[in-house]
Amino acid sequence: MPSLKDLKNRIESVKSTRKITKAMQMVAAAKLRRAQEAAEQSRPYAERFNAVMAGLAASVGGSDSAPKLLRGTGSDDVHLLVVMTAERGLCGGFNSNIARLARAKADELRAKGKTVKILTVGKKGRDALKRDYGDLFVGHIDLSEVKRIGYANAQDIAKDILSRFDAGEFDVATIFYAKFQNVVTQIPTAQQIIPASFEETEGDDSGAVFDYEPSEEAILAELLPKGVATAIFSALLENGASEQGARMSAMDNATRNAGEMIDKLTIQFNRSRQAVITNELIEIISGAEAL
Amino acid sequence: MANTMQFDLVSPERSLASLQASAVQIPGADGDMTAMPDHAPTITTLRPGILKVEAPEGTSEYLVTGGFAQINGDALSVLAEKAIPVDEVTRSHLDELIAEARASHEAAKENGEQTIVDEAAKLLADMEALGTHMSL
């Protein structure tokens, strides 16, 4: 049976924990709004870009002169997994869900006898995968200094990946991130970016035949690397919103749990206080009777 | 014939403009072109330069680098990697761009592929011309 003093200390410490988690929840909520706005503002660009690329890819894709980024290297022996996670923890299952998806993919590929290389973006994913796949790491991109993710960050990552591709380090690249559904749901997603695949958007081009200036091939060759950057940028923004959403609901849970714990401890505290008082009364009364 | 067309200028980070325009001057990779309503459907890549938008409400200018324009008869979308309204462009923006162009020029020279060197040199020249044009 803990003493009254112990209980009191316990209650105080849980109370201050609750204050911290509450504050974190509110900060996450504010950041979530900003992250969502950023994600929304980037959407028109990504959508149009993909629509144009889909049209281009469909008309040029079949030919042998298609760029390697679209056609692939002709083999798929070496896979690069780009695992994008948060720089901070305390956001529920966010980081571990992405890491788990990446791990499953890595195991699957290795079982097929493919070579797997891993590039991590964000510290937490690196930590999660280090023990099992540490020898597969080829690089890490640190975004902990970045306050607000900009297109330039995505370009840097894309540049890194593309230079590895040009050097022939891998055949297929896949990015892993969490798609933001709503505050409680984030869906870990794997998306292949090299060779690029574009979803056909129906009815968008209204059957118009475009003139291309310069040629279709030249435009495609110029835009494909940008497509990689665009895909990474939208993934980074989705990830940012997901992280804050996950943190918000995790901290909401933590706050609620702390509240329940305080209630329980307070009841326990009051009971033992009453027991102490009753005890003292009994002692006094039986002492008086003995006289 | 319609007098205006829908014009959209979007960068990866935000959408900069969405309005009815009567004519838009685009710095295309193969040369400037002006798109007016009912222009033939065209897709062109951009070189760094000034995008001039003429709308009934007045004209506006943007500094754009990288990306492409999609002309679709009654609509024109410009997707630029970087787009800044000209009024907001400062010398430091430009210096940054020039430094970038110079770096890629140097890198191309080391790799030694003539076409890339030429392209980078052109990009660099474009950037510097842009600076003089805007008298910064």
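Predicted model: local features only at pLDDT ≥ 70, side-chain atom pairs only at ≥ 80, totals over all residues.
Strand 7 of chain B and strand 8 (residues 75-85) of chain B pair antiparallel over 9 bridges. I looked up one partner: B:Thr65 bridges to B:Lys82 in strand 8 of chain B. The two strands form a hairpin with 3 residues between them. In that turn, B:Gly73 has a positive phi of about 80°.

Next I took the other neighbours of strand 7 of chain B. Strand 6 (residues 49-55) of chain B pairs with strand 7 of chain B through 7 bridges, in the antiparallel sense. This pair is a hairpin with 2 residues between the strands. B:Val53 sits opposite B:Ser60. Strand 5 (residues 42-45) of chain B also runs antiparallel to strand 7 of chain B, joined by 4 bridges. There I found B:Thr45 opposite B:Phe68.

I then checked burial. Strand 7 (residues 58-71) of chain B has 10 of its 14 residues buried. Over the 136 residues of chain B, 34% count as buried.

I read chain B along its sequence: β-β-β-β-β-β-β-β-α-α. That is 8 strands and 2 helices. Of its contacts between residues at least 6 apart in sequence, 50% join residues at least 24 apart.

Last, I turned to chain A. The axes of helix 3 (residues 94-111) of chain A and helix 4 (residues 123-133) of chain A come within 9 Å and cross at roughly 35°. I noted the crossing of these helices as right-handed. The helix 3 side of the contact includes A:Ile98, A:Ala102 and A:Ala106; the helix 4 side includes A:Ala128, A:Leu129 and A:Tyr133. By class, the contact has 7 nonpolar, 3 polar and 3 charged residues.

Key
Residues numbered from 1 in each chain as written. Chains lettered and ligands numbered in written order. Buried ≥ 20, exposed ≤ 12 C-beta atoms within 10 Å, placed from the backbone. Contact = placed C-beta atoms within 7 Å. Axes fitted to C-alpha atoms, helices over the stretch in contact; angles between N-to-C directions. Left-handed = near helix turned anticlockwise from the far one by under 90°. Nonpolar A, V, L, I, M, F, W, Y, C, P; charged D, E, K, R; others polar. Pairing = 2+ DSSP bridges.
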